[in-house]
Amino acid sequence: MEALELYTVDERADLYTEELRLNLGPQHPSTHGVLRVELRMDGEIITGSRCDIGYLHRCAEKIGENVSYLQFTPYTDRMDYLAACNSELAWSLTVEKLLGVEAPERAQWLRVIVCELNRIASHLIAFGTYGIDMGANTPFFYAFRERESIMALLERPSGARMLYNYVRPGGVAHDIDQAWLPDVLAFCDEFERRWAEYNQILTTNKIFIGRTANVGVLPREMALAWGCTGPVLRGSGVKWDLRRDVPYLWPYEEIEFDVPVGEGTHGTLGDCWDRYWVRMREMMESVRIIRQACARVPSGDFMDKNLVRQYKTPLKPGKGEAYMRCENPRGELGFYVVSEGGTSPLRCRARGPSFCNLSVLDALLPGCMIADGVAIIGSLDIVLGEVDR
Amino acid sequence: MNEATLHARLAGSGVAGIGALDTSAKDPFVVVEADTLLAALAFLRDDPQCRMEMLHNVTAVERPEAMEVVYHVCSLTHHHSLTVKVRVPRPEGGTHASWIPEVPSVAGLWAAANWHEREQWDLLGVRFTGHPDLRRILLPQEWIGHPLRKDYVYPTEHGGMPLELDAVPLYERRAGDPAPEPKPPREAGTPLFQPPAPFSTRPEAAGGKTAEPGQGGGEH
Amino acid sequence: MEALTGFFAAHLPVGPTLALSLAYAVCIGSLLGFITVYAMFAIWMERKVAAHMQVRFGPMETGGWHGWAQSVADAVKLLFKEDLIPRDANKVMFWFAPAVVFCGVFAGFVAIPFAVGVQIADVNLGLFFIIAIASVEVVGVIMAGWASNSKYALFGAVREAAQVVSYEVPAAVALLVPVLIVGSLRLGDINGWQEAHGWLVLRNPFVIVAALIYFISSLAGCKRAPFDLPEAESELVSGFHTEYSGMRFSFFFLEEYASMFVSSLLVATLFFGGWTLPFVNVSAMPVPVGIVVLLAKTFFFIFVQMWLRWTLPRLRVDQVMSLGYKYLLPWGFVCVVGTAVFEAMGWRWLPV
């Protein structure tokens, strides 16, 4: 691939200057995975950028055409590995739409709790790694302390700490134990106390505000045109959340929660600080959702009975196609599945939110400094597993 | 508005080539002609009743009779969405791996289409005419072939590294076994294993028995 | 050091030149030994401080009690590492750079008084000498960045040049304030003056501001967070010492901790009394008491530097420059002028 062309900055014979080509290469502490951004720089200022992805491409869509519907669930975990339950939920809902079944009530409420816990865990990583990108190494450890509690909680029903394979077409894989819901509520109490600590150490820090306010301003129209969703879109002032506007799980219609939106508190609307603050407040909203959901989990089946019997042989939905989108921590994950009546889909397309959020990077980077570039990449909160699939 | 109303509005917009709303699949969709695709999508984006601000997804699907490109557009102001499809039929006399269907690019309408269309070009070989920068996005630039095609031939080597499968995998060899004899070099272009059979010859198409999960493998 | 020369000349059958050389050798050797041991201790302390601020323990295994031998193990490991030089690197500069950097800081130690009379060279321009010689390390860092033949290293070197050189100005201006009050550049005199008149921070409010300005500027001069752009790990992999490994890298590390020590010691000496204590006559006590007092204050300020590093994020390079030139420097001038006015008028907090 031809590299970006370099432009000459100063042509005088005694002071010839040329732009510098720098690889924010696949191995880099701050690119949140194997992302390569080829930068063209005039000193510290980025004048051109070109994103190069595909280093984590694992052919998930081709695999989806060769394995059965239930066998593909763990692959969806590994796309956005930080928000595994949410990705599984999108896949499960799409398959359920094709099959024409709905998960039982208990499973729906458990799905809500598990997905919101995963949302908190994912935003904690966004918060911690954003601190490291900015040079503050301490908040990361605080975030992981809470994440450890969440992973221990989620290990109990699913058996795994990070890639759960728990939310499946038809419901959830296993039931929870008696003490799980009270433990989740205890975690919520603990988390609210810690959340205040995070704000003290990072959110209100003048240096952090100086690094993130007015940096990477994403105007509303640009965000919509580039297909940005999730906190990236909400940070630009657009109050759009699938859980509230196009609820994909009916419990969300019965739970009260707010949708935090960026307001340009410390700079321009749509800057990095707004996106970061949206994520922080979303963590508290998730706590609110979990508290209400824990109070309402009914008894009953955790998996659709017909599907349990059907799992002995691979699922065969009828001919059709379905597109379901869910609100992941990073944005809207969409699965488009085309079924020809066989045990594997004909086409299994994952529309990753990080893929679309990252595409706006080439438009945001030119004009800022490399330190700002790191801040912008961090504020988009991408996971390369989902970008590359 | 639900899909039916949207479709009615689109059909009454004056753009030619809008098909009927197909509700046979689980999600209803509209088939549009490739020539008027841009006009139809521009109408959907700009009409105040439709206001599809966001292009959510662009997918290409390879079907036995045509290559479909599916656009999912959604509106944030009106909380509705629509699925629009374009079909490029296969040419007469069958196709081979170098068939490149062409579809106009919507990257001028929504910037999001830029990367989506690059991905569909990369994986399925659909050329989007008018795209500002159509090159591979997930695979290396020098890759040959479009992997998600049903007749994709897996390469035998990449960058000098052979991609052969051993007759006896490493994890099943025991100490003291004689070394497996080297397989004769495969001719370039022959498939690694049997690709999936063409659609018309598959049992399910004729309503036959269940195929096993993971079908599509061959020798291993 | 004259005392030591005299000691050797008197007790050993050597001529005056040889006695002088022996004295030099003993002093430099002990200083080198002190710096090395101090650096190992400081690295262990940094890891422990960082760990406890991050709700974890830090080294616990190596050596038994709280991993005290961790630094020793790290030093041995670094000594055994492969000496890598990039193929296209400028070998002479690559080899020289750590030496220049370390010698610049090391030479500053020569003029520091650890207690009454415990000083290698009683330079009468002591303060000026220390600041001047410490700025030699900038050359070494630029050499390191250029010689590495790596764009990341070059970025780190250029940033460091801009930052460290710029922050020497407010540092020097802030250091004018105690010199103005005391009337001498000799560090021993400043210590003695504080013994007679009390700590300099308690003299007038401008001295407190000057102390803060000097402390912040020295953070930038040591390339410590929040000014650690030259080695900004999350942006430039490792900045100017990206391509250095093994013992060469450890020279840069030693230099960082040595300059932390020097700047903390200057803060302690110039503003907070040096080896003196408020109500105790330290110079009448045996010499080790003074050394202990001074080192205690120095280590307190080193702890503050570490505390700041693990709490604060990093400033961007243009913010660093604007902080130095637009805020610290003008306030430094205000302090100098204000102190001059206060001294002339005789206004002070303490009656002495």
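Buried area is the accessible area that two parts lose on being put together, summed over both. On that basis, about 2,500 Å² is buried between chain C and chain A, and about 4,200 Å² between chain B and chain A. The model described here is predicted.

**Chain B: fold and surface**

- Chain B contains three helices and nine strands.
- Along the sequence these elements follow the order α-β-β-α-β-β-β-β-α-β-β-β.
- Of the 220 residues in chain B, 44% are buried.
- Among contacts in chain B with a separation of 6 or more, 50% join residues 24 or more positions apart.
- Chain B has an accessible surface of about 11,100 Å², and carbon and sulfur atoms account for 56% of that surface.

**Interface of chain B with chain A**

- Chain B contributes 51 residues to this contact and chain A contributes 50 residues.
- Three residues, B:Lys26, B:His56 and B:Trp115, provide 17% of the area that chain B buries against chain A, more than any other three residues.
- Carbon and sulfur atoms give 58% of the area buried between the two chains.
- Seven salt bridges are counted between chain B and chain A.
- One salt bridge pairs the side chains of B:Arg63 and A:Glu321, at 3.1 Å from N to O.
- Polar contacts link 23 residue pairs between chain B and chain A, counting pairs with both residues at pLDDT 80 or more.
- Strand E3 (54–62), strand E4 (66–74), strand E5 (81–89) and helix H3 (113–124) of chain B are the elements that each give two or more residues to the side touching chain A.
- Strand E3 of chain B gives the most to that side, with nine residues.
- The side of chain B that touches chain A comprises 26 nonpolar, 14 polar and eleven charged residues.

- B:Asp27 and A:Lys97 form a salt bridge in which the closest N and O atoms are 2.9 Å apart.
- B:Asp27 is located in the loop between strand E1 (18–22) and strand E2 (29–32) of chain B, while A:Lys97 belongs to helix H3 (residues 84–99) of chain A, so the pair joins two chains.
- B:Asp27 has a relative accessible area of 12% and is therefore buried, the limit for this class being under 20%.
- A:Lys97, with a relative accessible area of 28%, is partly exposed.

**Interface of chain C with chain A**

- In this contact, 24 residues of chain C meet 35 residues of chain A.
- Carbon and sulfur atoms give 61% of the area buried between chain C and chain A.
- One salt bridge is found across the interface of chain C and chain A.
- The side chains of A:Asp372 and C:Arg316 form a salt bridge at 2.7 Å from N to O.
- Six residue pairs are in polar contact between chain C and chain A, with both residues at pLDDT 80 or more.
- Helix H7 (151–182), helix H10 (233–236), helix H12 (287–311) and helix H13 (317–345) of chain C each provide at least two residues of the side that touches chain A.
- By class, that side of chain C holds twelve nonpolar, four polar and eight charged residues.

**Salt bridges within chain A**

- Over all chains, the whole structure contains 62 salt bridges.
- A:Asp175 and A:Arg106 form a salt bridge, with the closest N and O atoms 2.9 Å apart.
- A:Asp175 lies in the loop between strand E7 (171–172) and helix H6 (180–203) of chain A and A:Arg106 in helix H4 (residues 105–134), so the pair ties together parts that are 69 residues apart in sequence.
- A:Asp175 is partly exposed at 31% relative accessibility, whereas A:Arg106 is buried at 12%.
- A:Asp381 and A:Arg279 also form a salt bridge, the closest N and O atoms being 3.5 Å apart.
- A:Asp381 is found in the loop between helix H16 (370–380) and helix H17 (384–388) of chain A and A:Arg279 in helix H12 (residues 272–294), so this pair connects parts that are 102 residues apart in sequence.
- Both A:Asp381 and A:Arg279 are buried.
- A network of salt bridges links A:Glu116, A:Arg119, A:Arg234, A:Asp241, A:Arg243, A:Glu282 and A:Glu327.

Terms used. Residues numbered from 1 in each chain as written. Chains lettered and ligands numbered in written order. Predicted model: local features only at pLDDT ≥ 70, side-chain atom pairs only at ≥ 80, totals over all residues. Heavy atoms only, no water. Helix = DSSP H or I, 4+ residues; strand = E, 2+ residues; numbered from the N terminus. Buried < 20%, exposed > 50% of the residue type's maximum accessible area, 1.4 Å probe, protein only. Contact = heavy atoms within 4.5 Å. Areas by Shrake-Rupley, 256 points an atom, 1.4 Å probe, with all protein chains shown as cover. Buried area = accessible area lost by both parts, 1.4 Å probe. Salt bridge = Lys/Arg side-chain N within 4 Å of Asp/Glu carboxyl O. Polar contact = N/O pair within 3.5 Å; in protein donor to acceptor, adjacent residues only side chain to side chain. Nonpolar A, V, L, I, M, F, W, Y, C, P; charged D, E, K, R; others polar.
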